[in-house]
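My entries follow in the order in which I checked things.

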Amino acid sequence: MTGVLVAVLGSPLEERKMPKRFLPQIFFGLSLWLAFTAQALISSAASYRRHAPGGKRQSFLERTLILLDVNTRSPVKVLNDNFLSLQVDPSILKNGWLDFLSSKRLVTLARGLSPAYLRFGGKRTDFLQFHNLKNLAKFRGPGPDYYLKNYEDDIVRSDIALDKQKGCKLASHPDMMLELQREKAAQMQQVLLKEQLSNLYSDVTITARSLDKLYNFADCAGLHLIFGINALHRNPDNSWNASSALSLLKYSAGKKYNISWELGNEPNSYRTMVARSVNSTRLAQDYILLKTLLQSVRYYSRASLYGPNIGRPRKNANLLLDGFMKNGGSVVDAVTWQHYYIDRRVTKVEDFMKTRLLDTLTDQINKVLKIVKIHAPEKRVWLGGVGPAWAGGINNLSDTFAAGFLWLNTLGISAMQGIDVVLRHSFFDYGYSHLVDQHFNPLPDYWLSLLFKRLVGPRVLAVHVAGLQRKPRPGKVIRDKLRIYAHCTSFHNHNYARGSITIYIINLHRSRKKIKLAGTLRNKTVHQYLLQPFGADGLHSKIVQLNGEPLAMVDSDTFPELKPRTLRAGRTIAMPPISIGFYVIKNINAYACRR
């Protein structure tokens, strides 16, 4: 409207020097014209309304048009190609699922999210003991005697068959064998959960054969393995005992396993876990020692080392990170830390969509970046473990569509703030926060991750939004329920030419939102990938639909076709309530995305 006023009031009055007696008539006529224009706009908006289900008219907020533009000249951040990465918890050694990582279907699902890192770590990292043994462990956890022996015999036969294969070793396990494993894992899950809630952990043994299976899975899936070494193996003077680590390094080097390394998990929590603390100076010395060990093993002399993998950045964790960066930060290739949004006491789906909860990550990232910037401004920062909830998550909540809002929000905020890699805890079999369930079926967060991998590249773009802006009241923070992020489209996706842009949107409103592409984005063809829950369970659903079609694997080797819906050039994007959408702007030839 400012432009209109300038055009009407500015040019004519400057070019024609009218007598002052005509000015009142001009302003009177102008006021009539503005009133007529405003009335026309209101009438046009009213005629465009559609009745909502149930006969209710759309509210003013629902009809508000949001204008969206993206800075296509240069990226604000450039992330790691493996930005979205994965984590597997060492608990799979306890419950037996490690023996099934050779499943063809599981490898196919992991390969769908490559390229990525695969971190083998978690709470039980600091209770891992490596034994250079090829024989299988005699005891595999609790299980009825009538099937335990036959079950172990099946594992042995499966291993013999795998050993005969060359290259990538894959298996198809019988349904009965999988059913027995699920039964055993369910019993062990209660034991593992009790350990975690009580902070009383038992040792976990990883044999050479187990390591072979783990590396085979990562290698077959195109994932780069990061192995977490036990940091609580201590000498009487509290210095780190590196004997087990050296044995592990020598064995892995002999097999020519391409592995990166880290030491320990959440060292700020050691006092509550084992009544022993490791201060920042000691932790830095431990990392320097591990770096020396890596350099002494020729094959790993240039291997990457990540750490210190602190927990949520509160007072003690911040002090530990600050001291570590001061005394040993130079030996790590990236600084790692962890974030979990909520605890197991949360029982409502609405809690997963609270903007106050989603915004906690921004504050945590700022705290970590501030410390790292003081000591090593150029050092990359990784979110080395993240999930919707700690202690394995919440059944029928953190494994449903509702958890996707937290997950995509994590990816969007982390990318905007320059977090180089985000490792999702866990890819498979860890409580209820995994991407793939025990039947090897992808959960909603898996499909969300798959779309992200296929459509979103590492170059982050600045987003400009204009629309209805609420005025903040004193003492009240405005929190966005409509969250919009933009990246260059992934160069790995050959369906889109370089220069394309991918926008992903979270709509937490309970009303539809209309988004009009403006500026450089206007009048461009758009491909829509709209994700919504499928079925009567609503947000509790474990099945997701893409543009109205439910997603499921075709078979163990084949993904469904992820078909977009084409929106004609200039069409307004209509985001349904409580939904997630990816939108690829084709043929825009964005300068930031061409190189």
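Entry 1, Asn-216. I looked up the burial of Asn-216 in this predicted model: Asn-216 counts as buried because its relative accessibility is 14%, where buried means under 20% relative accessible area, exposed over 50% and partly exposed in between (1.4 Å probe, protein chains only). Asn-216 sits in helix 8 (residues 208-221); helices (H or I, at least four residues) and strands (E, at least two) are DSSP runs, numbered from the N terminus. Leaving aside neighbours within four places in sequence, I find Asn-216 in contact with Gly-167, Cys-168 and Lys-169, contact being heavy atoms within 4.5 Å.

Note on conventions. Residues are numbered from 1 along each chain as its sequence is written, and side-chain values use heavy atoms, without hydrogens and water. As the model is predicted, local features need pLDDT of at least 70 and side-chain atom pairs count only at pLDDT 80 or more, while totals for chains, interfaces and linings use all residues.

The axes of helix 5 (residues 104-111) and helix 8 come within 8 Å and cross at roughly 50 degrees; axes are lines fitted to C-alpha atoms, for helices over the stretch in contact, and angles run from 0 to 180 degrees between N-to-C directions. The two helices are therefore oblique to each other, since angles under 35 degrees count as roughly parallel, over 145 as roughly antiparallel, 65 to 115 as roughly perpendicular and the rest as oblique. Helix 5 contributes Leu-106, Val-107, Ala-110 and Arg-111 to the contact, and helix 8 contributes Phe-217, Cys-220 and Ala-221. These residues divide into six nonpolar, no polar and one charged; Ala, Val, Leu, Ile, Met, Phe, Trp, Tyr, Cys and Pro count as nonpolar, Asp, Glu, Lys and Arg as charged, and the others, Gly among them, as polar.

Helix 15 (residues 404-416) packs on helix 16 (residues 444-455) at about 30 degrees, with the axes 10 Å apart. That makes the two roughly parallel. I have Gly-404, Trp-407, Leu-408 and Leu-411 of helix 15 meeting Asp-445, Leu-448, Ser-449 and Phe-452 of helix 16. This set splits into five nonpolar, two polar and one charged.

I traced an open sheet of four strands, order 14-1-17-22, with mixed pairing; two strands pair if DSSP finds at least two bridges between them. Strand 14 (463-466) and strand 22 (573-575) are the edges, each pairing on one side only. Strand 1 (residues 65-70) and strand 17 (residues 513-517) run parallel and are joined by four bridges. Ile-66 has Ile-515 as its bridge partner in strand 17.

Most residues other than glycine have a negative phi, and most peptide bonds are trans. Gly-307 and Pro-308 are joined by a cis peptide bond, omega about 5 degrees. Pro-308 belongs to strand 9 (residues 305-310). Asn-309, also in strand 9, has a positive phi of about 60 degrees and counts as buried at 0% relative accessibility.
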